Amino acid sequence: MVVTQPAVKSLVVDNDAETSKKEVVKKSAAKKNTGKNRRKSRELVLKAVYRGMLNQSELGPIFRDMAEDPDYNKADEAYFKQLLETVSSHVIELDEKMSSFIDRKITELSPIEHAILRISGCELMFDMSIPYRVVINEGVELAKIYGGIDGHKYINGVLDKLAADVRAAEVLNNKN
């Protein structure tokens, strides 16, 4: 099931220098806050993406609800917002890319595994500052906590294939 989300204004790319400047500031702010936990941010994004997939919710109410989550204060808020916005604005592209690396229709994935693949796929495809091995490990850890019994193995296999495709040079350099 492909869930269409409204366009997220903060990540829309246009030729307006002011918008580009705001986008760069937003991304750099997300990476500066090292005192907060990115893993918690990913967990919150997982909950938000999962909720959005099941309820077809708008992004605004999801942000408000996640702010009430007990783990929100432990998370890196800027990274949470950036990652959720990026996943939401690239849902179709992420699902299309992922579908070539899975062994079934994307609609047949469990919603949790589908959400984890969207999040990890987003980090692999759009955030080159995070090493691919870290992205895969974080996806596997989410699957161990929230997924099915052997879901983490499936997530690992799909993300390995995706990383080899979208970050071929980095994967090749790590093998040598």
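Predicted model: local features only at pLDDT ≥ 70, side-chain atom pairs only at ≥ 80, totals over all residues.
Residues are numbered from 1 along each chain as its sequence is written, and side-chain values use heavy atoms, with hydrogens and water left out.

**View 1. The chain holds nine helices and zero strands.** Helices (H or I, at least four residues) and strands (E, at least two) are DSSP runs numbered from the N terminus. Among contacts, defined as heavy atoms within 4.5 Å, residues 24 or more positions apart account for 74% of those with a separation of 6 or more.

**View 2. Helix 2 (residues 38-55) packs on helix 6 at an angle of about 125°.** The axes, which are lines fitted to C-alpha atoms over the stretch in contact, with angles running from 0 to 180 degrees between N-to-C directions, are 9 Å apart for this pair. The two helices are therefore oblique to each other, given that angles under 35 degrees count as roughly parallel, over 145 as roughly antiparallel, 65 to 115 as roughly perpendicular and the rest as oblique. The crossing of helix 2 and helix 6 is right-handed, the term used if the near helix is turned clockwise from the far one by less than a right angle, whereas anticlockwise is left-handed. Residues of helix 2 including Val 45, Val 49 and Met 53 meet residues of helix 6 including Ile 112, Ala 115 and Ile 119.

**View 3. Helix 2 also crosses helix 3 (residues 59-67), at roughly 140°.** The axes of helix 2 and helix 3 come within 10 Å, and this crossing too is right-handed. Among the residues that meet here are Leu 44 and Ala 48 in helix 2, and Pro 61 and Ile 62 in helix 3. Leu 59, found in helix 3, is buried, with a relative accessible area of 8%, and its C-alpha atom is separated by 8.0 Å from that of Ser 88, 29 residues apart along the chain.

**View 4. Helix 5 (residues 91-99) and helix 6 pack at an angle of about 95°, with their axes 10 Å apart.** That makes helix 5 roughly perpendicular to helix 6. Arg 118 forms a salt bridge (a side-chain nitrogen of Lys or Arg within 4 Å of a carboxyl oxygen of Asp or Glu) with Asp 95, and the closest N and O atoms are 2.6 Å apart. Arg 118 lies in helix 6 and Asp 95 in helix 5, so the pair ties together parts that are 23 residues apart in sequence. Arg 118 is buried at 3% relative accessible area, and Asp 95 is buried at 5%.

**View 5. Glu 113, in helix 6 (residues 111-126), is buried yet has no salt bridge.** The nearest side chain of opposite charge (Lys and Arg count as positive and Asp and Glu as negative, while His and the chain ends are not counted) is Arg 104, 4.7 Å away. Leaving aside neighbours within four places in sequence, Glu 113 is in contact with Gly 148, Gly 151, Tyr 154 and Ile 155.

Methods: Buried < 20%, exposed > 50% of the residue type's maximum accessible area, 1.4 Å probe, protein only.
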